[in-house]
Amino acid sequence: MKEKELSFHFVDVFPWNTNFETGISRIDEEHKKIVNLLNILASHIAYRSDSITLDRVFTELANYALYHFKSEDDIWKEYFGNDPWAELHKQEHIKFVEDIERIKKNTEAKPSDLVLEDILKFLTHWLAFHILENDKRMSKVVLAKKAGMSIQDAKVYAEKEMAGALKVLINTILSMYDSLANRTLELMREISQRQKAEARNRLSASVFDKTVDAICITDPDFHILEANPSFCQITGENEESALGKDLSLLKSGFADKNLIEEIRTDTKNLGHWSGIIRNRLKSGEMETEWLTLSAIREENGLVVNYVAVFSNVSHLLKRQKDLEIMAHHDALTGLPNRLLFQDRLNLALAHAKRSKKSLAVIYIDLDGFKPVNDMYGHAVGDIVLKEFANRLNKIVRSQDTVARLGGDEFVLLVGDLKTETDYTRVMEKVLQEAKRAIEIGEDRTVNVSASIGISLFPKDNSEADTLLHHADQAMYEAKRLGKSRYYIFPA
């Protein structure tokens with residue numbers, strides 16, 4: 001397809017960004033090609049190209065995807081050999097082809113453009129998830145093997161790298177692309193229809209006026225030419241007072257000269273810019289929006305207008321924050337979980353090495369918890385765990401960490417120790433608090449105790465995982481010696 005054919009009609013519904021890069025140049029270049037073909041398909045759908053053209057573009061996309069799958073599978077085969085991960089990845093490629101055929105069969109009764117819209121939505125979601133979740137994981141293994149790791153160590157490394165925050169990123173990106181694709185296709189279709197009738201009016205009133213997103217059209221210098229009701233409501237302006245104003249007066253984020261320079265560069269080279277922008281409202285509050293800004297060009301390529309769509313993403317950011325909390329904290333007690341504890345232990349260990357100070361990893365297991373749980377039930381067991389967690393939080397300093405690893409096992413991370421009494425004082429408090437009766441309702445109490453194992457750095461000059469393992473071993477030694485006591489590794 002010739003470049004000049006798309007100079008005006010190209011719609012970038014799936015913007016490429018660095019989040020999709022795997023670190024393997026061959027795979028990244030092929031992904032970019034697929035993304036480009038996907039955007040070409042979206043452009044033809046938006047401008048209602050004839051069925052022959054649509055079929056040709058889709059066939060080109062499907063054929064290149066098959067080529068890429070084979071190319072990618074060859075790379076995995078080279079580094080994974082007969083490892084099950086390579087076969088599972090290959091099966092995902094096979095299922096992708098089967099899903100495309102299923103979608104086409106299930107939508108035979110619909111007009112061809114609607115069939116392709118269904119396929120476009122499926123492709124967008126599948127491609128984003130497949131690159132971010134699957135290809136990135138496989139690539140991390142390849143890069144780790146290149147660095148000298150064994151296949152098993154590389155897989156463990158990749159799984160750790162892919163845990164937690166990246167799943168939040170995937171969820172957020174899919175939500176944003178889904179919303180962006182739907183709005184962009186509708187807007188571009190309306191623009192195409194109105195261009196045939198009036199060159200001046202770029203947007204259809206049905207989309208422009210009714211959308212909940214704030215939309216405005218500006219000239220090349222970002223002076224407002226048109227604004228929809230949502231834009232006026234959010235900025236506190238009426239349509240008449242908004243017209244002619246510099247966009248930076250109503251959206252303070254546009255006062256950032258570096259941002260404007262970035263926008264002009266991207267719209268010149270790519271035809272669009274998208275990203276988060278923060279604006280100050282008339283009330284003084286700051287709002288966070290996802291801005292999609294597209295350049296409208298004449299046939300000679302000159303930018304004559306910009307279309308700016310401001311979407312409120314506060315709910316997505318809140319969801320991202322909630323998911324991050326869920327990924328790193330224990331649901332029952334609210335304490336950091338094993339994943340977050342490992343991160344903090346790595347940081348604390350690095351700090352201890354630099355500052356030449358000691359730190360203690362303190363592994364705690366409740367003695368007598370199982371009989372309480374069996375006798376009174378899990379609800380009472382949960383009360384005991386939550387109460388003990390609260391007591392631990394009151395014992396340690398704000399810079400220390402209390403985590404729940406699972407069941408009735410807890411761990412403390414206490415850093416910046418100067419003398420032996422710094423941690424023995426903590427141990428005595430933990431033993432005392434564990435022995436103190438716990439109320440379980442209706443004037444009833446239960447009693448437990450604690451067995452504690454400790455590993456001390458630099459006396460135990462081990463890495464993070466080994467320090468935790470040694471503390472666990474010391475805890476079992478404390479149990480063997482009679483429970484309700486602490487034991488230090490190495491003795």
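Predicted model: local features only at pLDDT ≥ 70, side-chain atom pairs only at ≥ 80, totals over all residues.
**Exercise 1. Work out the strand order of the five-strand open sheet, and say which strands stand at the edges.**

Step 1: write down the order. The sheet is open, its pairing is mixed, and the strands run E7-E8-E6-E11-E12. Two strands count as paired if DSSP finds at least two bridges between them.

Step 2: find the edges. E7 (401–406) and E12 (486–489) each have a single partner strand, so one side of each has no neighbour in the sheet.

Step 3: On average, neighbouring strands here are turned by 20° against each other, direction ignored. Axes are lines fitted to C-alpha atoms (for helices, over the stretch in contact), and angles between N-to-C directions run from 0 to 180 degrees.

**Exercise 2. Walk through the pairing of E6, E8, E11 and E7.**

Step 1: take E6 (residues 358–367). On one side, seven bridges join E6 to E8, and the two run antiparallel. E6 also pairs with E11 in the antiparallel sense, over nine bridges.

Step 2: go down to single residues. Ile362 has Leu412 in E8 as its bridge partner. Tyr363 is a handy one to click on: Tyr363 stands opposite Val411 in E8 and opposite Gly453 in E11.

Step 3: E7 and E8 pair antiparallel over five bridges, with Gly406 partnered by Glu409 in E8. The two strands form a hairpin with two residues between them, and Gly407 in the turn has a positive phi of about 55°.

Step 4: see how covered the strands are. Nine of the ten residues in E6 are buried, and so are eight of the nine in E8. Buried means under 20% relative accessible area, exposed means over 50%, and partly exposed is in between, using a 1.4 Å probe and protein chains only.

**Exercise 3. Find the backbone phi of Asp416 and of Ser484, and say where each residue lies.**

Asp416 is in strand E8. Phi of Asp416 is near 55°, a positive value in a residue other than glycine. Asp416 is partly exposed, with a relative accessible area of 29%.

Ser484 is in the loop between H17 and E12. Phi of Ser484 is near 50°, again positive in a residue other than glycine. Ser484 is partly exposed too, at 25% relative accessible area.

**Exercise 4. Classify the aromatic pairs Phe231–Phe310 and Phe388–Phe410.**

Step 1: get the criteria. Rings of Phe, Tyr and Trp (its six-membered ring) pair if their centres lie within 6.5 Å; planes under 30 degrees apart are stacked, over 60 edge-to-face, the rest tilted. The whole structure has nine such pairs.

Step 2: apply them. Phe231 and Phe310 have ring centres 6.1 Å apart and planes at 45°, so this pair is tilted. Phe231 lies in helix H8 (residues 229–235) and Phe310 in strand E5 (residues 303–312), so the pair ties together parts 79 residues apart in sequence. Both Phe231 and Phe310 are buried.

Step 3: Phe388 and Phe410 are edge-to-face, at 5.3 Å centre to centre and 75° between the planes. Phe388 lies in helix H15 (residues 378–395) and Phe410 in E8, so this pair links parts 22 residues apart in sequence. Phe388 and Phe410 are both buried.

Step 4: widen the view. Phe222, Phe231, Phe254, Tyr306 and Phe310 form one aromatic cluster.

Key
Residues numbered from 1 in each chain as written. Heavy atoms only, no water. Helix = DSSP H or I, 4+ residues; strand = E, 2+ residues; numbered from the N terminus.
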